[in-house]
Amino acid sequence: MAEASRPEASPATRDCTSGLAEAFVSVECALPQCEDCTVVAQRFSERAGIGELTLAAPLCAAGVRPGQFVHLRLPGLEAHILRRPFSVYRACASAGTITLLYQVVGAATRHMRSLSVGAELSILGPVGSGWEPGRAQRCLLLGGGVGAAPLFLLAEELVARGVALCLVLGAATRELLVCEDAFAGLVGSARCHLTTDDGSRGFKGRTTERAAALLADEPYDYIAACGPEPMLRKVAALAAAADIRCELSLERRMACGLGACLGCVVETTRSNQRACVDGPVFNARELCW
Amino acid sequence: MQITLGGLVMKNPVAVASGTFGSGREYARLWEEGSTSQEPTPLSVLGALTTKGVSLEPWSGARGVRIAETASGMLNSIGLQNPGVEAFCVGDLAWLATQDLPVIVNVCGRSASEYAQLISRLETEEAVAGYEINISCPNVDCGGMAFGTSASAAAEITALCRAATRRPLIVKLSPNVTDITEIARAAEAAGADALSMINTVAGMAVDAKTRSRVFDRGVAGLSGPAIKPIALYAVSRVYKAVAVPLLGMGGIRTVVDAVEFLLAGATAIAVGTASFTDPLAAPQLVNGLASWCRDEGVHTIGELTGALS
């Protein structure tokens with residue numbers, strides 16, 4: 001599982017744009033199901049080594065909430081016995097599709113890249129707790145690399161609710177900012193801040209540096225972030241310093257994806273919690289790190 | 001399809017391996033939902049369910065990385081995390097009591113007396129059909145495999161557990177020994193009704209990039225298809241060495257895998273890591289085994305046990 005995958009988020013959309021808000025108030029998630037599905041679209045950026053895989057998965061598309069993931073089993077990789085968790089990046093209940101964002105880092109993600117339209121695979125999903133912004137009115141969302149994936153459905157729901165939100169998307173280089181168009185199209189370029197480590201696009205520096213500046217300028221009452229763990233630790237520290245409720249989507253190696261094997265636990269103030277079903281989204285204050 | 005494993009009557013020979021299945025609640029929900037390729041199935045389709053390891057007190061399990069994939073297998077170092085027997089009884093066991101299948105409780109402890117105390121406590125629970133004595137987990141410092149790699153320690157624990165119960169007592173053996181038949185004979189002589197094998201094979205993973213051990217304890221337990229030949233050989237050898245029935249496990253995924261274990265000498269088999277690849281693997285195996293027997297003209301499943309030509 002040291003692949004590329006992270007539980008990225010997805011919004012629980014009922015239809016493609018309006019999903020909504022009541023979903024945030026009650027936290028009941030759909031139970032995961034095993035669903036055989038087929039690839040309906042594959043987009044791959046050679047320069048970034050990042051792809052978008054769209055699957056016909058009507059059950060998952062109808063039930064998924066922002067922040068949940070699917071546990072994916074790939075055909076033709078029998079020697080790789082574990083499924084891979086991928087956040088649902090986008091979902092369209094009316095079309096019955098979900099889209100996953102993946103970065104090629106190992107055998108499974110290399111194999112994903114080779115899948116063509118019509119390829120069959122199996123998902124277990126939707127799995128996990130979703131984001132819980134509650135009644136937040138000013139939200140700041142931070143995505144590092146492909147960690148942006150689980151934020152899209154969240155952003156979509158917040159926009160549908162008319163909640164003010166600001167995004168910071170960061171990557172090492174401009175080529176890796178593959179989600180820019182999707183997020184900017186959703187919230188407008190002015191609310192979509194970009195950072196690159198090398199300054200080839202947007203602000204030169206880290207997402208957390210940009211976030212610190214935004215937090216100094218305007219009040220926020222909710223922060224959601226997904227990305228590399230060092231970034232998430234900094235986000236948690238920023239949120240704690242500003243006393244803002246903060247949720248983080250964590251990545252762990254996973255086996256069952258059902259909460260049974262205890263392979264993916266995260267140490268929290270409530271003892272060990274399972275990243276698969278108690279997470280992958282955690283309240284930053286509860287994490288022991 | 002019915003068999004008897006050391007006094008435990010199972011409607012079919014398919015169980016699930018301890019630690020891969022929690023206490024069944026997570027899988028039961030999924031099975032009852034059904035899927036695009038499977039009808040809704042109750043948990044009771046299983047011949048028996050073996051719970052995750054239970055100890056007297058709560059154990060927090062291993063720190064750091066707990067799993068890693070390997071070629072056709074996986075390593076785990078969960079460290080027997082469990083909420084302790086009291087929480088187990090009011091939670092998972094109370095729920096299991098509502099399910100119509102034999103429940104084997106996997107018990108573990110840090111000392112011989114802890115195993116016996118634990119069994120004494122569980123004797124008051126009607127939902128328990130039998131015990132699996134875990135003397136073979138490589139992922140804890142005290143107890144676990146330390147007991148299962150010494151014939152005298154295995155015998156001592158088995159005898160203490162035997163004295164604490166008349167229920168079916170299954171001793172789970174480690175493959176990480178010079179001669180597994182020696183431990184098997186010791187457990188049998190001390191009163192085991194059946195033996196289960198194999199627990200995971202001790203292994204290790206290294207991260208070349210960081211030049212460090214992947215698992216905090218260094219060692220972890222290998223499972224999955226990679227260990228099937230090791231498990232088959234162990235079952236075959238122990239079958240010839242003891243008279244008690246065997247619960248075979250280690251990389252079983254398909255009907256043919258299961259049949260191979262029966263032929264090698266197992267009376268029943270358990271699905272473990274395969275449930276991670278496919279959470280519906282166990283019910284599919286139950287159905288597939290019945291069809292296989294019909295197609296092959298096998299009248300009673302027991303005919304297959306040890307039937308190597």
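This briefing walks through some features of a two-chain model, topic by topic. The model is predicted, and it scores ipTM 0.93 and pTM 0.91. For chain B, the mean pLDDT is 95, and 99% of the residues reach 70 or more. Keep the structure open as you read, and try to find each residue as it comes up.

**Chain A as a whole**

- Chain A holds seven helices and 15 strands.
- Of its 289 residues, 55% count as buried.
- Among the contacts in chain A with a separation of 6 or more, 72% are between residues 24 or more positions apart.

**A helix with a buried face**

- Helix H3 of chain A covers residues 107-114, and Ala108(A), Thr109(A) and Met112(A) are buried in it.
- Looking down the axis of H3(A), you find these buried residues within an arc of 95°, so they line one face of the helix.

**A covered strand in chain B**

- Strand S9 of chain B, residues 169-172, is covered on both faces. Leu169(B) and Val171(B) are buried on one side, while Ile170(B) and Lys172(B) are buried on the other.
- S9(B) pairs with strand S8 (residues 130-134) of chain B in the parallel sense, over four bridges. In that pairing, Ile170(B) has Glu132(B) opposite.
- S9(B) also pairs in the parallel sense with strand S10 (residues 194-197) of chain B, this time over three bridges. Here the bridge partner of Ile170(B) is Ala194(B).

**A hairpin in chain A**

- Strands S13 (residues 265-268) and S14 (residues 271-274) of chain A run antiparallel and are joined by four bridges.
- Together S13(A) and S14(A) form a hairpin, with two residues between them.
- Thr268(A) has Ser271(A) in S14(A) as its bridge partner.

**Where the chains meet**

- In all, 25 residues of chain A are in contact with 33 residues of chain B.
- On the chain A side, strand S1 (residues 33-45) of chain A gives the largest share, four residues.
- That side of chain A divides into 15 nonpolar, five polar and five charged residues.

**Backbone details to look up**

- The peptide bond from Gly125(A) to Pro126(A) is cis, with omega near -5°. Pro126(A) is found in strand S6 (residues 120-127) of chain A.
- Another cis peptide bond runs from Gly279(A) to Pro280(A), with omega near 5°. Pro280(A) lies in the loop between S14 and S15 of chain A.
- Asp243(A) is not a glycine, but its phi is positive, near 55°. Asp243(A) lies in the loop between helix H7 (229-242) and strand S12 (246-249) of chain A. It is exposed because it has 8 other C-beta atoms within 10 Å, and 12 or fewer count as exposed.
- Ser72(B) also has a positive phi, of about 55°, and sits in the loop between strands S5 (67-70) and S6 (73-76) of chain B. With 15 C-beta neighbours inside 10 Å, Ser72(B) counts as partly exposed.

**The tail of chain A**

- Trp289(A) lies in the segment after strand S15 (281-283) of chain A.
- Trp289(A) is exposed, with 10 other C-beta atoms within 10 Å.
- Trp289(A) and Arg233(A) are 56 residues apart along the chain, and their C-alpha atoms are separated by 7.9 Å.

Key
Residues numbered from 1 in each chain as written. Chains lettered and ligands numbered in written order. Predicted model: local features only at pLDDT ≥ 70, side-chain atom pairs only at ≥ 80, totals over all residues. pLDDT = per-residue confidence, 0-100. Buried ≥ 20, exposed ≤ 12 C-beta atoms within 10 Å, placed from the backbone. Arc of directions from axis to C-beta. Pairing = 2+ DSSP bridges. Contact = placed C-beta atoms within 7 Å. Nonpolar A, V, L, I, M, F, W, Y, C, P; charged D, E, K, R; others polar.
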